[in-house]
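Please examine the sequence and the structure shown below. A briefing on selected features follows.

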Amino acid sequence: MRILVLPSLLAADFGNLAEGARRAEDSGGDALHVDIMDGHFVPNLSMGPDVVAMARAAVSIPLSVHLMMTNPHEYLTSFIEAGANSLLIHIEAECDVPAALGRIRELGARPGITLNPETPAEMVFGVLERVDEVLCMTVHPGYGGQAFMPEVLPKIRALRARAAAKGRHLDILVDGGIDADTAAQCAAHGANAFVAGTSLYRSSDMAARVAELRARAAAAFRG
Ligand code: DX5
Ligand code: ZN
């Protein structure tokens with residue numbers, strides 16, 4: 001299973017987001033994670049399609065766009081035209097989630113489904129055949145810099161087991177409070193892709209942190 005590290009632009013210096021995007025690529029990030037918050041699905045506001053377009057122009061690594069939105073289905077075209085390579089919507093969104101996932105694929109991007117910490121794994125079993133990625137939130141979405149929630153670990157294992165039973169090699173991502181230690185815990189439960197904001201961007205040596213996280217996760221991974 002490939003191990004992926006995705007720096008989260010939310011933790012970059014908002015005074016120079018293009019430089020923040022390039023820092024992710026130059027540090028060995030496999031993709032850049034961009035958090036979109038609508039002030040409704042989550043209490044915070046963050047960025048929109050113009051920031052995704054800026055990131056697309058700044059880097060050549062894929063863009064992983066996480067839609068923390070009540071109505072993601074109304075913005076799929078905007079984000080894909082802006083350059084998103086994968087679009088992660090929430091199972092808790094107020095839309096026809098299977099249809100939105102199908103539309104993401106039709107538009108040429110990788111569809112992903114996301115679960116909040118309290119949402120059981122079973123809630124997404126019905127859409128697993130429509131997605132390439134499953135994202136388990138390991139904090140309550142809305143803000144960077146929160147503490148990792150270890151109670152999510154059994155859900156990661158349940159999702160990996162379900163994917164394996166269906167013969168699917170899904171990327172299972174975790175997002176929130178991820179550093180080398182928590183990434184290793186998640187990898188031991190079957191996660192192979194790691195979104196990290198604070199632990200990478202607040203380091204003076206981001207490349208070393210990316211390499212460390214990747215090595216610890218690879219050593220701990222159990223599929
Ligand atoms: C939280 C976002 C995360 C966030 C992670 O709502 O979805 O992607 O950037 O930040 P850290 O790594 O600081 O917890
Ligand atoms: Zn995110």
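How are the donor residues of the zinc ion (ligand 2) spaced in sequence? Their spacing is H-x1-D-x30-H-x108-D. This is a predicted model, in which local features need pLDDT of at least 70 and side-chain atom pairs count only at pLDDT 80 or more, while totals for chains, interfaces and linings use all residues. Residues are numbered from 1 along each chain as its sequence is written, ligands are numbered from 1 in the order in which they are written, and side-chain values use heavy atoms, without hydrogens and water.

**Zinc site**

- The protein donors of the zinc ion (ligand 2) are H33 (NE2), D35 (OD), H66 (ND1) and D175 (OD), at 2.1 to 2.3 Å from the ion; donors are N, O and S atoms within 2.8 Å of the metal (3.2 Å for Na, K and Ca).
- The site is octahedral, with angles of 69 to 166° among six donor atoms; the term requires six donors, with opposite donors over 155 degrees apart and all others between 65 and 115.
- H33 counts as buried at 0% relative accessibility, and H66 likewise counts as buried at 0%; buried means under 20% relative accessible area, with a 1.4 Å probe and protein chains only.

- R160 lies in helix 5 (residues 153-165); a helix is a DSSP run of H or I with at least four residues.
- R160 is buried yet has no salt bridge, meaning a side-chain nitrogen of Lys or Arg within 4 Å of a carboxyl oxygen of Asp or Glu.
- The side chain of R160 reaches the backbone oxygen of G190 at 2.8 Å.

Notes
Helices (H or I, at least four residues) and strands (E, at least two) are DSSP runs, numbered from the N terminus. Buried means under 20% relative accessible area, exposed over 50%, partly exposed in between (1.4 Å probe, protein chains only). Lys and Arg count as positive and Asp and Glu as negative; His and the chain ends are not counted. A polar contact is a pair of N or O atoms within 3.5 Å; within protein, one must be able to donate a hydrogen and the other to accept it, and residues adjacent in sequence count only if both atoms are side-chain atoms. Four donors count as tetrahedral if all angles lie between 85 and 135 degrees; four count as square planar and six as octahedral if opposite donors are over 155 degrees apart and all others between 65 and 115; anything else is irregular.
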